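Colleague: Could you take me closely through the pocket that stands out in this model, and through whatever surrounds its lining?

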Amino acid sequence: MSIGRTAPGRVLALDPGEARIGVAVCDSDRAMAVPLASVPAEPVGAARCAEVARDESVVAVVVGLPLRLDGTTGDAAARAKVFADDL
């Protein structure tokens, strides 16, 4: 789904890593994002991020997909996809 097609409102952005998940949220105009506290990745990273999404009253969540320098996917991208599914 394209973010542009969602209802107006705030969007939560997640940057999943092996140890921590970076979390940011934008304003309702989607003009500026501000970082929030990071979330430990395991064992409850997805559940905690879902809680943050509810607490921040967002209309959409975006999960970053880390690609290799040549643009292909690797282990980190596979983990990000599993995280997004868990979320």
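The largest pocket

Modeller: By class, ten nonpolar, two polar and four charged residues make up the lining of the largest pocket, where Ala, Val, Leu, Ile, Met, Phe, Trp, Tyr, Cys and Pro count as nonpolar, Asp, Glu, Lys and Arg as charged, and the others, Gly among them, as polar. The model is predicted, so local features need pLDDT of at least 70 and side-chain atom pairs pLDDT 80 or more, while totals for chains, interfaces and linings use all residues. Residues are numbered from 1 along each chain as its sequence is written, and side-chain values use heavy atoms, with hydrogens and water left out.

The pocket (on a 1 Å grid over the protein atoms alone, an open set of points where a 1.4 Å probe fits, with protein on both sides within 12 Å along at least five of seven lines; lining residues have an atom within 4 Å of a point) has a volume of about 300 Å³, taken as the space filled by probe spheres set on the points, which are joined across faces, edges and corners. Of its 16 lining residues, Gly-17, Ala-41, Glu-42, Arg-79 and Phe-83 lie nearest the centre. The elements giving two or more residues to this lining are α1 and α2 (75–86), helices being DSSP runs of H or I with at least four residues, and strands runs of E with at least two, numbered from the N terminus. The largest share, six residues, comes from α2.

As for the sheet, four strands form an open one in the order β3-β2-β1-β4 with mixed pairing, two strands being paired if DSSP finds at least two bridges between them.
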